[in-house]
Amino acid sequence: MWTHTKPLPEWAYKQAEINGNKNVQQTSNIWYVDEIPSLLPDSERSKKEPRKIKHMPFLKKYFELQRAIFYHNNALTSSHPYSSQPIQWPFVLRGISFWTQNETRQQIYFLGNPVGWWIASSVLAVFAGIVGADQLSQRRGVDSLDERTRSRFYNSTGFFFLAWAAHYLPFYLMGRQLFLHHYLPAHLASALVTGALLEFIFNLDPVALEENVDAKLAGKVANSSKKGGGPGTKRVVPAKERIGAN
């Protein structure tokens, strides 16, 4: 059996035409023999042993599936009116039409929130600038961040930045047709980078806050022990005072 790559016209509902291939020697032919009527019931040729399923390790199946996925994606090289390039995605320079009805001129057009996308893309550049400035200052012997703050900054915001790069940069190596919706996982990672970087810039170090609260509580306990009599006197600090210490 074989068919054409081009479907039938509208009057045939764009179905595929299937014909019998008379060239039996063609390599693309696949034969499935269900029954041979001329064989006797007790013939040796009619006996068929069930085929044993070949066991394949998990990693081998995983890499085979990944290879098939990459091969299929790279084969999608035809042009599309709403295709776009990866350089256009972070700034929403081109959207994609999900549904169109020509009779009523109705259309569902996918385009992300420009303000949110532009802010998230700009924050990525800010993060790269902060990392570059920090590395340059360390080479010149200027330590602008303490080790605890630097570790928190690189481990949280840096992790989200790597997630964005891992979901975005590989598209530059693909030769298939690409669309804006391919950037959605990377855009989610860029939004996480935005939140983490804003928290890093505008929030105080929680460790420093805890040390400040402990120092204030220790001072109040020391003053109360002097008034209450004796260094061995212990005073329970009420919850209102602990909250007010902030």
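Val92 lies in the loop between helix 1 (58–74) and strand 3, where helices (H or I, at least four residues) and strands (E, at least two) are DSSP runs numbered from the N terminus. The model is predicted: local features need pLDDT of at least 70, side-chain atom pairs count only at pLDDT 80 or more, and totals for chains, interfaces and linings use all residues. Residues are numbered from 1 along each chain as its sequence is written, and side-chain values use heavy atoms, with hydrogens and water left out.

The relative accessible area of Val92 is 10%, and the residue is therefore buried; buried means under 20% relative accessible area, exposed over 50%, and partly exposed in between (1.4 Å probe, protein chains only). Phi of Val92 is near 50°, a positive value in a residue other than glycine. Most residues other than glycine have a negative phi. A positive phi, of about 55°, is also found at Lys14, which is not a glycine. Lys14 belongs to the loop between strand 1 (2–3) and strand 2 (18–19). With a relative accessible area of 52%, Lys14 is exposed.

In the protein, the secondary structure amounts to six helices and four strands. Read from the N terminus, the order of these elements is β-β-α-β-β-α-α-α-α-α. Of the 246 residues, 23% are buried. Contacts (heavy atoms within 4.5 Å) were also examined by sequence separation. Among those with a separation of 6 or more, 55% are accounted for by residues 24 or more positions apart. The accessible surface comes to about 19600 Å², and carbon and sulfur atoms contribute 61% of this surface. Accessible areas come from the Shrake-Rupley method with a 1.4 Å probe; for residues, only the protein chains shown count as cover.

Ser97 is placed in strand 3 (residues 96–101). Ser97 counts as buried because its relative accessibility is 15%. Beyond its neighbours within four places in sequence, Ser97 is in contact with Tyr82, Gln107, Ile108 and Tyr109. The C-alpha atoms of Ser97 and Tyr109 are 4.4 Å apart in space, although the two residues are 12 residues apart in sequence.

Helix 4 (residues 184–202) contains Pro185. This helix has 19 residues and reaches 27 Å from its first C-alpha to its last, close to the 27 Å expected at 1.5 Å a residue; the expected span is 1.5 Å times one less than the number of residues. The buried residues of helix 4 are Ala186, His187, Ala189, Ser190, Val193, Thr194, Ala196, Leu197 and Phe200. Their cover includes helix 2 (114–139) and helix 3 (147–168). Pro185 itself is partly exposed, with a relative accessible area of 42%.

The largest pocket has a volume of about 220 Å³. On a 1 Å grid over the protein atoms alone, a pocket is an open set of points where a 1.4 Å probe fits, with protein on both sides within 12 Å along at least five of seven lines, and lining residues have an atom within 4 Å of a point. Grid points are joined across faces, edges and corners, and a volume is the space filled by probe spheres set on the points. The lining consists of Val33, Asp34, Glu35, Ile36, Pro37, Leu39, Leu40, Arg45, Ser46 and Lys48. By class, five of the lining residues are nonpolar, one is polar and four are charged. Ala, Val, Leu, Ile, Met, Phe, Trp, Tyr, Cys and Pro count as nonpolar, Asp, Glu, Lys and Arg as charged, and the others, Gly among them, as polar.
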